[in-house]
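Please keep the sequence and the model in view while reading.

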Amino acid sequence: MPTMSDIPFLDLVAPHVELEEELVSVFRTALSRAEFIGGSRVEEFESSFAAFCNTKHSVAVSSGTDALRFALVACGIQAGDVVVTVPHTFIATTEAISQAGAMPEFVDIDERTYNISAEKLQQFLETQCTREKSGKLISLRNGRPVTAVVPVHLYGQMADMDAILELADQYGLIIIEDACQAHGAEYFSKRFERWMKAGSMGKAAAFSFYPGKNLGACGEAGAVTTSDDVVAQQIRMLRDHGQSRKYHHGIEGYNGRLDAIQAGILQVKLRFLAEWNRQRRDAAVRYHELFDGRGLECTLPCEPSWSRSVYHLYVIRTAERKKLQEHLANSGVGTGIHYPIPLHLQDAYRSAGYKQGDFPVAECAAEEVLSLPMFPGLTAMQQKRVVEEVVRFDGVADSALSTELAARA
Ligand SMILES: *Cc1c(COP(=O)(O)O)cnc(C)c1O
């Protein structure tokens with residue numbers, strides 16, 4: 001039975017109750033104008049979100065998965081191409097690659113940030129690929145052309161984009177960011193000598209507005225950001241049955257539009273995104289301070305000096321994950337696991353022929369990561385309780401271990 005002192009993993013109710021009047025009025029306006037698909041609401045949101053991301057365009061679509069699929073297609077990824085990404089992400093990343101007609105191939109992640117390792121990417125390009133006489137980069141695994149990389153900005157923190165862009169230049173690869181967890185995250189680029197927003201560094205980027213994301217709709221929604229006019233125009237066609245004018249179909253597209261009600265809701269909530277992200281960052285600092293000096297076995301999130309994470313998730317890691325999660329559940333603290341099985345070991349990708357041991361860092365992370373409560377409005381009191389419970393568990397685990405060691409000795 002949940003009690004008042006329970007701390008949820010995520011509180012989606014409070015922000016919606018707070019904004020109820022404004023959100024309901026979005027629906028009323030849509031009803032009174034019978035404006036449900038497309039229209040000025042969608043365009044307003046698109047220009048606001050592009051401004052937020054420091055890009056020339058944002059094109060609103062029906063989900064983050066569609067955003068990534070459309071971005072890949074619009075950037076020229078062809079059927080049969082290989083697109084490189086990480087095994088430590090949500091499956092939508094690779095679903096979008098497959099749905100674009102391409103084939104995902106994996107490189108391992110960085111142990112500290114959980115994002116794609118630029119070093120491993122370089123190794124992959126140097127040792128698992130070959131260049132044809134034409135200059136085409138070919139995967140030795142399957143003989144297909146390698147044309148793009150999808151870095152995932154996992155947990156709200158951007159991947160090391162300078163290093164990735166440099167490799168992309170060197171190997172002629174297209175970079176498409178999976179920014180579905182990173183609305184507002186920033187990266188200090190030495191290349192451009194300034195802080196850059198998630199979604200503004202690749203040729204295009206995908207965002208999700210699934211309700212639990214840092215900016216969430218009251219339903220399904222997503223967007224592509226890009227500063228490339230041609231790519232933006234192509235995505236506008238792809239989301240709308242390939243038409244640029246009614247019943248004039250330049251290409252075959254999809255039904256992938258954003259509806260006007262979700263656009264209106266997102267426009268209301270976008271006003272609060274920077275403040276909500278600030279609250280998440282403050283909460284992360286508080287967790288760090290509360291954990292500091294407690295001598296825990298757990299590893300805390302690592303934010304390099306070039307990163308300003310928006311803490312979509314606050315993820316710790318411990319070899320005792322299962323027991324810690326149980327202990328926290330019994331103490332009324334909600335947690336999550338993002339994600340328990342790396343993609344290369346999922347049944348869905350069995351035919352790709354990967355095996356245990358292929359990506360050891362991702363495999364280890366999948367065993368050990370645990371997401372603690374993190375949302376705007378999480379109070380210092382609640383965080384203190386979460387940390388006390390983690391510390392208490394750690395103490396119990398320690399004494400259990402010393403008893404075990406003593407028994408063995
Ligand atoms: C949420 C998410 C997606 C997919 O977004 P949807 O809107 O659910 O389709 C893709 N990639 C990552 C990393 C995500 O977290």
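Glu186 stands opposite Arg308, a residue of β14. The model is a predicted one, in which local features need pLDDT of at least 70 and side-chain atom pairs count only at pLDDT 80 or more, while totals for chains, interfaces and linings use all residues. Residues are numbered from 1 along each chain as its sequence is written, and side-chain values use heavy atoms, with hydrogens and water left out.

Strand β8 covers residues 186-189 and pairs with β14 in the antiparallel sense over two bridges. Here strands (E, at least two residues) and helices (H or I, at least four residues) are DSSP runs, numbered from the N terminus, and two strands pair if DSSP finds at least two bridges between them. Strand β8 also runs antiparallel to β9, to which four bridges join it. Within that pairing, Tyr187 has Met196 of β9 as its bridge partner. Together the three strands form an open antiparallel sheet in the order β9-β8-β14. Its edge strands, β9 (194-197) and β14 (307-308), each pair on one side only.

Two backbone details deserve attention. Most residues other than glycine have a negative phi, and most peptide bonds are trans. Glu193 is not a glycine, yet its phi is positive, at about 55°. This residue belongs to the loop between β8 and β9, a hairpin with four residues between the strands. The peptide bond from His338 to Tyr339 is cis, with omega near 10°. Tyr339 is placed in the loop between α10 (321-330) and α11 (360-368).

What surrounds the ligand? There are 14 residues around the ligand, and the closest are Gly64, Thr65, Gln181, Ser208 and Lys213; a residue is counted as near if one of its heavy atoms lies within 4 Å of the molecule. By class, the shell divides into five nonpolar, seven polar and two charged residues. In this scheme Ala, Val, Leu, Ile, Met, Phe, Trp, Tyr, Cys and Pro count as nonpolar, Asp, Glu, Lys and Arg as charged, and the others, Gly among them, as polar.

A polar side-chain atom of Thr65 lies 2.5 Å from a ligand oxygen, and a polar side-chain atom of Ser208 lies 2.6 Å from an oxygen atom of the ligand. At Gly64, a polar backbone atom is 2.8 Å from an oxygen atom of the ligand. The protein covers 93% of the 380 Å² of accessible area that the ligand has on its own, as computed by the Shrake-Rupley method with a 1.4 Å probe. The elements that give two or more residues to the shell are α4 (64-74) and α5 (92-99).

Conventions
A polar contact is a pair of N or O atoms within 3.5 Å; within protein, one must be able to donate a hydrogen and the other to accept it, and residues adjacent in sequence count only if both atoms are side-chain atoms.
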